[in-house]
Amino acid sequence: MHVGIIFFLVILGSVLFHIFTPWYWTDVASNWGGMDDTITLTFWIGGGVFIAVCLFMVYCVFKFSYKKDRKAEYKPEDKKLEKILTWATTLGVAALLAPGLIIWNQYVNVPKNAIEIDVMAWQWGWQYRLPGEDGKLGTTKVVNINDNNPFGINLDDPFGNDDVMIQSDVINLENNRPVKILLRSVDVLHNWYVPQFRAKMDAVPGIVTYYWFEPNKTGEFEVLCAEYCGVGHYAMRGGVEVQDKQDYDNWLQQQETFSDLIAKQKILENEKTKLAKK
Amino acid sequence: MSEDFNDNKTIQAQSSETISGGGSGITPDMDYVRPAEVGEQDLYHGHSFITKWIFCQDAKVIGVQYFLLATFTGIIGLILSWLMRLQLGFPGLAPFMTAEHYYQFVTMHGMIMVVYFLTALFLGGFGNYLIPLMVGARDMVFPYLNMVSFWSFFVAVGVLLASFFVPGGPTGSGWTLYPPQAILEGTPGSGYGIMLMCISLILFVAGFTMGGLNYLITVLQARTRGMTLMRMPLTVWGIFTATVLAMLAFPALLVGALMMSLDNVLGTSFFMPTILKAGEVLEYGGGSPILFQHLFWFFGHPEVYIVALPAFGIISDLISVHARKNIFGYRMMVWAIVGIGALSFFVWAHHMYVSGMNPWFGFFFATTTLIIAVPTAMKVYNWILTLWRGNIRLNTVMLWCLGFIVTFVNGGITGIFLGNVSVDVPLSDTYFVIAHFHMVMGIAPLMVIMGAVYHWFPLVAGRFLDEKLGKWHFWLTFLGAYSIYFPMHYLGFIGVPRRYFEMYDSPYVTSAVGMNEFISLAAFIVGAAQFILIYNIVKTLKTGKPAGHNPWQACSLEWLTPTVPPEHGNWGDRLPTVHRWAYDYSVPGAKEDFITQTTPPSEVAHTKVEKT
């Protein structure tokens with residue numbers, strides 16, 4: 001008797017925990033609210049199956065526990081029942097898969113007006129690059145990276161000169177404007193993840209990966225590395241500040257471009273040579 | 001040539017004589033069983049202590065050896081999990097717990113539990129002990145190879161544990177061993193640690209292949225007369241299919257480990273692109289880190305089913321025996337096992353939705369993954385339908401079965417979240433994943449192992465385990481493990497990433513501190529509860545209630561040996577002859593509520609038994 005009761009309480013406890021949990025997802029701050037909806041749908045269908053199966057089991061425990069003078073039913077198969085269950089399950093699974101695939105289709109197709117952001121990862125930090133007035137990012141190579149060229153931009157690529165370089169682990173984004181995150185890494189796997197945006201993708205050394213989202217809440221968010229990248233993984237944090245257009249434009253104005261950096265370095269070098277001559 | 005042919009004929013003639021000579025002397029046609037096609041196997045009988053108990057060729061002893069060594073390794077994995085939970089629940093409490101150590105413990109815990117504990121225990125342990133007994137063979141078909149298989153496993157475990165004592169310690173690259181970080185500084189154990197891990201895995205795969213060939217060929221070739229494939233207990237079906245998967249999946253792990261070792265030692269670039277490390281460009285170039293992930297998960301996903309399918313098989317048998325009812329929809333169950341096994345090779349990249357592989361793969365792998373939910377759900381339905389109108393003995397074995405159903409359904413449903421590509425995006429690499437796979441392939445298979453231990457201990461040792469201790473063991477484990485992993489899903493919803501040594505003060509996770517402490521405390525209790533089983537075994541080995549023959553009134557062959565525990569050779573003078581499937585429980589009209597597989601139809605002619 002008590003066996004059935006305890007199992008019943010486990011099921012009841014699970015449901016109550018789910019209803020009253022103080023631990024639940026953060027408020028979504030991007031266009032990916034559909035992912036939350038699919039999760040909710042999966043909770044309804046999956047949770048329903050879980051409860052039904054477990055309650056059926058508990059009922060059997062109450063109703064059919066051992067009695068010496070009773071014999072179990074002898075029924076090797078029930079083709080009809082098995083067929084119904086197969087089709088019902090298939091239907092349920094399809095109902096979950098369809099919205100999942102629809103959202104995935106949105107996830108892999110980036111809107112044309114998305115601004116591209118180069119997110120460069122290393123052990124253990126981030127830095128960011130935005131396209132300049134030409135709207136295009138310059139191409140890069142890992143071997144080009146040095147103190148004078150922190151992003152490894154190909155010097156013969158004209159698109160690179162006006163790229164905006166943000167050598168900080170915090171980046172600002174414009175509210176309600178889609179961004180395409182272009183991820184690359186110079187050493188090991190990383191993953192640029194903001195829980196409130198829901199989206200994520202690994203940065204893989206050797207290739208450029210991408211994903212996109214559209215922030216829809218202003219404010220500061222924490223960036224976490226979501227792919228294990230060695231002993232400093234847990235400390236590899238960054239930040240995002242989502243701003244309205246005007247604030248964002250102001251911020252953007254103050255950032256340095258690649259040609260600014262080159263010019264600055266030339267001045268520095270000239271001074272150095274002057275000093276050496278003296 | 002012609003002589004060989006004659007020999008064959010003699011054997012056939014002899015065997016048919018044996019049939020008609022046996023039994024009561026009158027053998028009606030309805031009891032006819034096809035004669036044996038080949039002669040009986042010669043067995044090597046050990047004479048000294050060493051050949052009987054150490055370098056032993058008896059599959060039952062090898063099974064117990066596998067079981068003990070896997071359990072020993074599993075206890076190490078358990079202790080590592082305690083240390084991890086200590087850090088997560090009470091950071092800073094243990095002064096030796098640095099980030100390096102934390103990641104090393106995470107890695108070793110994962111690899112030990114998946115490969116050296118669960119896989120070795122299900123296939124090496126239960127496979128060796130049960131396959132020959134359940135199909136009515138005298139032993140595995142290649143006993144010597146079987147012995148070598150165990151000792152390869154022994155050396156593999158030795159090499160794995162040796163990595164705790166090399167400079168740099170064991171690898172801390174996560175159990176997935178992803179390059180480039182696995183072999184670059186910045187990950188603990190990137191030199192000797194990962195090298196020993198790869199060597200150990202290679203040895204494990206080699207040893208496992210020897211064992212696996214044995215299981216397959218024994219099932220295919222050494223079944224006794226009358227034991228058709230569709231009369232085999234589901235335990236054998238589960239282990240058999242899992243072994244087929246292992247034979248196809250482990251080679252991918254083997255080449256992955258080998259290629260990564262070459263990258264590490266010889267400086268090849270299979271998985272290594274151009275890399276900038278501490279301001280210097282390393283001498284690698286052109287390799288693909290994602291290639292390793294494909295190789296790893298081509299192994300890694302079938303690996304889940306290598307653990308799950310034997311568990312499915314065993315649980316089916318346990319439920320059937322203790323519910324005194326035939327397993328519902330046996331044929332469906334067999335086809336589900338085979339179908340899940342086949343499908344498991346087409347779903348691997350659902351571990352890689354956000355890995356940076358071409359995202360268009362997501363459509364394919366999400367579809368295949370959700371398709372696999374259908375046969376899996378059918379199995380669940382059939383387990384609970386087996387309970388329906390059964391005559392359920394609520395003993396310790398059945399408790400583990402019920403615990404399995406709850407944890408498996410729970411973990412299976414969270415699998416639908418993660419398999420459904422776009423739902424996976426927010427949840428992947430968070431604690432939701434940790435909770436999911438521990439529930440579905442940690443706790444659920446553990447429930448099966450424990451149920452199986454309480455079920456078959458009377459066969460192996462001839463005595464019952466103590467029921468009272470068993471119930472304490474079950475309730476502490478089940479309720480404890482459920483309260484570890486059920487709330488853990490919600491950490492994942494918050495967005496807490498996995499493999500974090502410390503959360504610092506991330507604004508949105510401060511609320512989770514209390515939960516982490518609770519989970520850690522539960523983990524300490526559940527871990528400690530496992531020692532109840534060890535105490536139970538030690539206590540009852542000498543003083544437990546003697547079990548006698550077929551103590552559970554089961555139908556399958558392993559309970560029908562002339563001696564309990566079975567001796568080397570299993571069957572005394574004559575191999576058993578099989579007349580039915582392993583599930584004729586509660587047949588209307590039968591004297592008792594079970595008809596053993598060896599009972600000829602003429603003895604139960606008056607019952608309403610269906611032909612199987």
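Two strands pair if DSSP finds at least two bridges between them. Helices (H or I, at least four residues) and strands (E, at least two) are DSSP runs, numbered from the N terminus. This is a predicted model, in which local features need pLDDT of at least 70, side-chain atom pairs count only at pLDDT 80 or more, and totals for chains, interfaces and linings use all residues. Residues are numbered from 1 along each chain as its sequence is written, and chains are lettered from A and ligands numbered from 1 in the order in which they are written.

**View 1. Strands S2 and S3 of chain A pair in the antiparallel sense.**
Strand S2 covers residues 125–130 of chain A and strand S3 covers residues 164–166, with 3 bridges between them. A:Arg129 has A:Met165 of S3(A) as its bridge partner. Both strands belong to an open sheet of 6 strands in chain A, with the order S8-S5-S1-S2-S3-S11 and mixed pairing. The edge strands of this sheet are S8 (209–213) and S11 (256–257) of chain A, each of which pairs on one side only.

**View 2. A:Thr139 sits in the loop between S2 and S3 of chain A.**
Is A:Thr139 exposed, partly exposed or buried? A residue is buried if 20 or more other C-beta atoms lie within 10 Å of its own, exposed if 12 or fewer, and partly exposed in between, with C-beta atoms placed from the backbone. A:Thr139 counts as partly exposed because it has 14 C-beta neighbours inside 10 Å. Two residues are in contact if their C-beta atoms, placed from the backbone, lie within 7 Å. Apart from neighbours within four places in sequence, A:Thr139 is in contact with A:Asn154 and A:Asp157. A:Ile153 is 14 residues away from A:Thr139 along the chain, and their C-alpha atoms are separated by 5.8 Å.

**View 3. Strand S10 of chain A pairs with S4(A) and with S9(A).**
S4 (residues 170–174) and S10 of chain A run parallel and are joined by 5 bridges. Here A:Leu173 has A:Val242 of S10(A) as its bridge partner. S9 (residues 219–225) and S10 of chain A run antiparallel, with 6 bridges. A:Phe221 has A:Val240 of S10(A) as its bridge partner. In a regular strand the side chains alternate between the two faces of the sheet. In S10 (residues 237–243) of chain A, the covered face holds A:Gly238, A:Val240 and A:Val242. The uncovered face of S10(A) holds A:Arg237, A:Gly239, A:Glu241 and A:Gln243.

**View 4. A:Ala203 belongs to strand S7 of chain A.**
The strand covers residues 202–203 of chain A. A:Ala203 is buried because 28 other C-beta atoms lie within 10 Å. Apart from neighbours within four places in sequence, its contacts include A:Val119, A:Ala121, A:Leu183, A:Trp192 and A:Thr209. A:Ala226 is 23 residues from A:Ala203 in sequence, and the two are 10.0 Å apart, C-alpha to C-alpha.

**View 5. A:Met57 is part of the largest nonpolar core.**
A nonpolar core is a set of buried Ala, Val, Leu, Ile, Met, Phe, Trp, Tyr and Cys residues joined through C-beta atoms within 7 Å. The largest one has 283 residues, and those with the most contacts inside it include A:Met57, A:Val119 and B:Ile405. Its largest share, 24 residues, comes from helix H4 (residues 99–135) of chain B. Not counting residues up to four places away in sequence, A:Met57 touches B:Ile384, B:Leu387, B:Leu402 and B:Ile405.

**View 6. Chain B meets chain A in a contact that takes 95 residues from chain B and 79 residues from chain A.**
Which element of chain B gives the largest share of the side that touches chain A? H10(B) does, with 13 residues. Among the other elements that give two or more residues to this side are H8 (289–322) and H11 (396–419) of chain B.

**View 7. Chain A is assigned domain 1 (2–66 + 78–108) and domain 2 (115–271).**
Domain bounds come from an automatic or database domain assignment. The centres of the two domains of chain A, taken over C-alpha atoms, are separated by 40 Å. The contact between them takes 9 residues from domain 1 and 12 residues from domain 2 of chain A.
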